[in-house]
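Trainee: Could we go through this model together, one topic at a time?

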Amino acid sequence: MAEEYLLEMEHIRKEFPGVLALSDVTLKVKAGTVHALMGENGAGKSTLMKCLLGIYRPDDGIIRFDEVIYEEMDIHSSLNLGISMIHQELSPIPYMTVAENIFLGREPIRGKIGWVNSKKQTEMTLELFKGLGIDIDPDMKMVDLSIANMQMVEIATAISYNSKLIIMDEPTSAITEKEVAHLFRMINNLREKGVAVIYITHKMDEVFQIADEVTVLRDGAFVDTKLASEIDKNGLISMMVGRELTNFFPKLDVEIGEVKMEVRNLTLKGKFENVSFEVRRGEILGIAGLMGSGRTEVIESIFGVYPPDSGEILVDGKPVKIDQPMDAIEIGMGLLTEDRKLSGLFLPLSVMDNMVYSSIGNFMNKIGLNFKRMKVECEKQRKALSLKTPSLAQRVVNLSGGNQQKVLIARWLLTEPDILFLDEPTRGIDVGAKSEIHKLTSKLAELGKAIVMVSSEMPEVLGMSDRIVVMHEGKKAGELSRKDATQERILQLAAGEALTL
Amino acid sequence: MSDTSVPDTKTGKSFKLKAFVNKYGILLIFIGICILLSVLTISNGTSVFLKFRNIVNVLRQSSVIGIIAMGVTFVIITGGIDLSSGSLVAMIGVLSAMLARNVLHLPMIIPVIAAMLLGILAGSINGALHAKFKIPPFIATLGMMTIARGVAFLVTNGRPVDNLTPSFQQLGQGTILDFGQNFFIPVPVLVFLVVILVSNFLLSNTRFGKFTYALGGNEQAAYICGVNVDRHKILVYGYAGLLSGIAAVVLTSRISAGQPSAGNMYELDAIASAVIGGTSLQGGIGTIGGTVVGTLIIAVMNNGLDLMGVSSYWQQILKGLIILIAVIIDTMRHQVSR
Ligand SMILES: Nc1ncnc2c1ncn2[C@@H]1O[C@H](COP(=O)(O)OP(=O)(O)OP(=O)(O)O)[C@@H](O)[C@H]1O
Ligand SMILES: [Mg+2]
């Protein structure tokens, strides 16, 4: 019986200070299958995979891979055994080229001295990309790639090891539908070659598209393993959260007020051109478009991260000048950025520190910072967002990806903004928490806040927005009201076509 | 290539003990060194090291470097570095000594204020070079270090500036709460203490301090959180400059002269103090308490080895080893635990 599994992990236990991340977890994966690993934020998915790779040492349990039993792995031998992983958080070396990143540590060398044969390296990369149907210049520096392309490079790297088992930890959190379809073709190819894939995601639909089997974890404990064909979406969700979840997009019917913010002919050379729109009090304005269509750039530019070359921003009908984010915050704006590691988190600092930075002025008293009030307010946010952390003093680097995102959301809620920009607000967030965040967004709108939400997730855009602006190649391609918006129409506009549907 | 690059504790049962050692490790090492030196310096039944005079002496000797190290800690927490402090001590020292000469008869406060202003100015220039012209702090402060040392020699023609007013000399040589041989506090130690308290308050209880950590933790994120990054850098380097100015006054007054060669390599001792005290050169991590302990470790080592008659050559070697060991311990603490 045992032989039919490529990988068996049994009774895995892993404890961190104050957190039991895994207790008695079992995972069995057959060769030539795609095995989805599901669970809420902080359920222990990434931790389990890091135990498998040898990044963490499990406190208990055994790992059987290819019929050999290991008590623990170490990172070098796991690669040699044929296990590779696409990590949840991208970690490219920014000033090295794509090819150098892919072949890091196993560069093709020339001669006795061991010069790197960069020409060969580039060729090998091209070869690899060709096989996978990826179109990225191997000599580009990683910093110059979009997040989506970085993700594709990361995927290609993992595949290039010719592993027997590839772990993909939320590989689609930063890519669009087109690239997802591409990735799925690659996965299907791998499956045919007999490679096993462990696939972690928070996107339900993907599971049913790609997975053969599903294992669910809840709070560090093993719940069940099922065939994907045996269960449906609701069944899977209730396995994950332990209860039924009904209303996915709890959009409230909110009375929409007067115009809160208007932008006119905003232009930033090379990024976007003549973008105009308005957002009203109580309104959720969705911004849709393909990766690289300038959505993020527009809102970051409004927020002063890199001010526009020309154009006007009006708040409450009056023109405002925003030279840097400080000014935007002053006016009552908040910005949840797209890339939480790059421009969001202070990794060495505590959860509380991470929460209070943009509202720190509210926690001052005459002689300094009022830590008591800080703690009270942060505790409130922690409860409201059901943030999973042993304490507010925990360093944020030790939180699971989804919980890190919640810390950032808390940061902006603490500033009590009137205009809130949300860039991919639910990236990497589990279904339960996702609907919490949607509920919260709705509630903020009800309080009369103006909300601008960039999202690549079609259901989210359609489900949450009162109005949708669609961008195409740096220009506004069109605008759809809630009742006129459909997935097809958004896609048409995003592709730069005229509306026909 | 992992998404949890710096978890702080290893797995096992002894989390509590581990956490304690992690937090107070350097303090424990300091206490250990003190006990060792106390025992090793016993002669005629009393420990020379533990004598009140000797302890005060250690504190007095550590005060100048200690004051500088406070400012350097801020700079390093932002992810920067300040190489100019030793030369600033020399330059500001000779300039303030010129104002404190007995021939001018100026009240003591004038050279003191001048020194502080000069310090702020020089530090702010460091900060501005880094913030506005995007020069890496290592280079910006290296330039300042060379220039300041040159100025110190230029204005004095290489000769010490002496004959200072008695009131000015009090700053480095005076004492307060003086009960004779058995108890007194030298003014430099008092100044050091005040600088410690102010710095600690600034770093842990104010927005200024929080922003300092933010800059070192993630500059881009700090910017988006509304930190005026450029201004904050200038302020932090300015504060470090201010403390160099204060250190200059204390040193000049203690040695009764402005020496253009004074403060040689002090910047490195100050950086070493901060690093021994657990400040991370990557930025984002560090405390004032840690740096104080780091300063004291260096001072106590120097003193103890002196008392034991170890040659200064050996002292250098041992100091180097201590620095390396401290950094190794620190790196191990922050390494990926499994
Ligand atoms: N190095 C660490 N130190 C302390 N706690 C940790 C560490 N790594 C993970 N944890 C904790 O272990 C739990 C499981 O985290 P893990 O990252 O495995 O979750 P996950 O299932 O991948 O969640 P997500 O979907 O949000 O990525 C969380 O509560 C997290 O805070
Ligand atoms: Mg995870």
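Mentor: What follows is a short exchange on a ligand site, a helix and a loop residue.

Mentor: This is a predicted model, in which local features need pLDDT of at least 70, side-chain atom pairs count only at pLDDT 80 or more, and totals for chains, interfaces and linings use all residues. Residues are numbered from 1 along each chain as its sequence is written, chains are lettered from A and ligands numbered from 1 in the order in which they are written, and side-chain values use heavy atoms, with hydrogens and water left out.

Trainee: How far is an oxygen atom of ligand 1 from an N or O atom in the side chain of A:His202?

Mentor: Ligand 1 lies between chains A and B, and A:His202 is among the residues that come nearest to the ligand. For the pair of atoms in question, one an oxygen of ligand 1 and the other an N or O in the side chain of A:His202, the distance is 2.8 Å.

Trainee: How much of the area that ligand 1 exposes when taken alone does the protein bury?

Mentor: Accessible areas come from the Shrake-Rupley method with a 1.4 Å probe. Ligand 1 taken alone exposes 640 Å², and the share of this that the protein buries is 96%.

Trainee: Is A:Pro94 buried, partly exposed or exposed?

Mentor: A:Pro94 sits in the loop between β6 (83-86) and α3 (98-102) of chain A. Buried means under 20% relative accessible area and exposed over 50%, with partly exposed in between (1.4 Å probe, protein chains only). Because its relative accessibility is 34%, A:Pro94 counts as partly exposed.

Notes: Helices (H or I, at least four residues) and strands (E, at least two) are DSSP runs, numbered from the N terminus. A residue is near a molecule or strand if one of its heavy atoms lies within 4 Å of it. A polar contact is a pair of N or O atoms within 3.5 Å; within protein, one must be able to donate a hydrogen and the other to accept it, and residues adjacent in sequence count only if both atoms are side-chain atoms.
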